[in-house]
Structure formats: C-alpha cells, structure tokens
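Please look over the sequence and the structure shown here. The paragraphs below go through parts of the structure in turn.

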Amino acid sequence: MMLRPRWVLALLLALGVAAAFALLGQWQLERAIVSGEVVQRATETVLPLADVVQPGGAAPTKATGQMVRTSGAFVPGDDQLVSDRFNGGTTGFWVVGHFLTDGEAGSEAASIAVARGWAADEDDARAVMRALATDAPGQPTTITGRFVPAEAPEVPDEGRDPHTMTTVSPAALLNLWADSTDAPVYSGYIVDTVAADGLTVIDSPVPTDEVELNWLNIFYALEWVVFAGFAVFLWYRLVRDAWEREQNEAEAAAAGT
C-alpha cells in the first residue's frame with residue numbers, strides 16, 4: 001500500500017510540510033538564542049559627558065555605566081551626605097558633591113551630582129565635608145567616573161532623621177544646593193574614580209547586562225517539531241486506513257461469495 005504512486009506522492013508532500021515546520025522551529029530556536037546573547041558595550045572607553053547624555057532630560061539606556069569625563073568646578077559647601085551605601089560589602093556613607101561643568105565641546109554649562117568617595121563612619125564623612133566646604137570656589141578640575149542614572153528619592157524609615165538621604169536623587173539635591181543656578185541639571189550622577197582626601201574610592205564595577213533565554217520562542221520551536229512529526233504520522237494513518245478498508249472489502253467480498 002505504501003509503495004503505490006498516490007501514497008508515495010502523499011509521503012513526499014508530508015515530508016515537505018514536515019521540513020517546512022522544522023525550518024520554522026529552527027527559526028524560533030535561533031531567535032531564542034539571539035535574545036539570550038549578551039551585547040558587550042564599550043562602557044570602559046572614557047567619553048566626553050556631553051557626548052553620552054544631555055542635561056535637562058532623561059538619560060538614555062546606553063549611558064548607564066558609561067565611563068565619562070567632564071571639566072568644570074565643584075561648588076564648595078554644596079556637598080551632601082548619603083547614608084546606607086555599600087562599598088566592598090560594608091555599609092557606610094557617600095559624600096556627594098555639586099559639580100558645575102564648563103560647557104565643553106559647545107554644550108551648555110550644567111550641574112551634575114558627583115559621588116566623591118565613601119566612608120565607613122559618619123563623623124569621618126562629615127569631617128571631609130567640612131574640609132571640602134573651605135575649598136576656594138571655582139577651582140577648575142577634570143573628573144573621570146562612571147555615569148549612573150538618577151535614583152528615586154526614598155522616605156527614611158520611621159525613627160530616623162527625616163532629612164536623611166539614602167539615594168542619589170538630583171531632584172532632591174537641587175533643593176539642598178545652596179549655590180543653585182539657572183543651569184540645567186543632569187538626570188544622573190558620576191561616581192568619581194578619584195576619592196577626595198579622607199575618603200575611600202567607591203566601588204564601581206563594570207556593568208553587566210543580565211539577559212535570559214526567550215522561553216516562549218523555545219516553546220514555539222518545540223511546537224513546530226511536534227507539527228512536523230504529526231504531518232508524517234497523518235500520512236501513516238491515512239495509508240493504514242486505506243489498507244484496512246481494502247482488507248474489509250476483500251473479506252466482505254469473500255463472505256458474499
């Protein structure tokens with residue numbers, strides 16, 4: 001029965017359909033694997049801050065973790081203390097300064113928060129802040145560090161000083177900076193690679209993109225494999241039904257005779 005021309009042609013058709021389903025399954029599997037690949041970004045190449053992000057607007061995703069460089073001056077007296085910051089697994093305090101860029105490369109001058117260093121003890125951090133407040137204003141300097149998007153303000157836990165800051169929020173810092181200007185503010189901050197005297201350099205690991213395989217695509221790929229097998233199985237059932245029908249007709253004819 002299987003070797004009859006009509007069923008041989010039906011088998012070729014079933015194999016063609018199964019091959020098409022197999023190709024679709026392979027395509028779905030390739031999409032799942034591609035979506036799980038880690039895209040390496042050149043975050044360690046130091047770029048001008050103005051080329052990475054613009055002040056006054058939301059920071060693009062590609063700016064997250066990018067090493068940047070900018071020139072300008074710190075504003076003395078505008079340093080703030082940020083609590084509950086980990087450094088090497090130890091909780092402590094950040095000293096976050098107010099940096100005013102000088103508008104290099106044709107960009108406008110703007111304010112940006114800079115994490116200047118970490119201290120395990122609050123008194124040590126505040127002592128550094130008092131020393132930084134005595135610096136001469138407008139001292140030109142160039143800073144290099146990793147750009148991090150702005151963090152949302154957090155409400156301190158019950159029982160803590162309501163003025164305690166635990167996140168680096170430019171919107172909140174702007175209200176605390178005494179020397180506020182009309183200059184726009186970057187929606188993010190820089191983790192300086194050089195700590196101020198008396199502070200420890202803040203850990204700033206290379207960012208990694210966490211990705212996962214697209215399990216939905218893998219499920220679809222398995223479905224296409226099942227469909228391919230079903231196409232061949234359907235051909236087999238049709239052939240078997242035809243063979244059984246002939247057998248029954250032959251038995252009926254023999255019984256009638």
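Is Thr43 buried or exposed? Thr43 is buried, because its relative accessible area is 3%, and buried means under 20% relative accessible area, with exposed being over 50% and partly exposed in between (1.4 Å probe, protein chains only). The residue sits in the loop between H1 and strand S1 (47–48). Helices (H or I, at least four residues) and strands (E, at least two) are DSSP runs, numbered from the N terminus. The side chains of Thr43 and Glu44 are joined by a polar contact of 2.8 Å. A polar contact is a pair of N or O atoms within 3.5 Å; within protein, one must be able to donate a hydrogen and the other to accept it, and residues adjacent in sequence count only if both atoms are side-chain atoms. Neighbours within four places in sequence aside, Thr43 is in contact (heavy atoms within 4.5 Å) with Thr64, Gly65, Gln66, Met67, Arg146, Val206 and Pro207.

The model is predicted: local features need pLDDT of at least 70, side-chain atom pairs count only at pLDDT 80 or more, and totals for chains, interfaces and linings use all residues. Residues are numbered from 1 along each chain as its sequence is written, and side-chain values use heavy atoms, with hydrogens and water left out. The predictor's confidence in each residue is the pLDDT, from 0 to 100. Its average over the chain is 87, and 88% of the residues score at least 70. Confidence is lowest in helix H1 (residues 5–35), with a mean of 85, and highest in strand S5 (residues 111–119), at 96.

Next comes the chain as a whole. Its secondary structure comes to five helices and seven strands, in the pattern α-β-α-β-β-β-β-α-β-α-β-α along the sequence. The chain has 257 residues, of which 34% count as buried. Of the contacts between residues at least 6 apart in sequence, 73% join residues at least 24 apart.

Val114 is in strand S5 and counts as buried, because its relative accessibility is 0%. Leaving out residues up to four places away in sequence, Val114 touches Phe74, Val95, Val96, Gly97, Phe99, Ile143, Ile190 and Asp192. Met165 lies in the loop between S6 and helix H4 (170–174) and is also buried, at a relative accessible area of 10%. Met165 and Leu81 are 84 residues apart along the chain, and their C-alpha atoms are separated by 6.9 Å.

Asp84 belongs to strand S3 (residues 80–87). Asp84 is partly exposed, with a relative accessible area of 40%. Most residues other than glycine have a negative phi. Asp84 has a positive phi of about 60 degrees, although it is not a glycine.

Helix H3 (122–133) and strand S6 (141–149) are the elements that give two or more residues to the lining.
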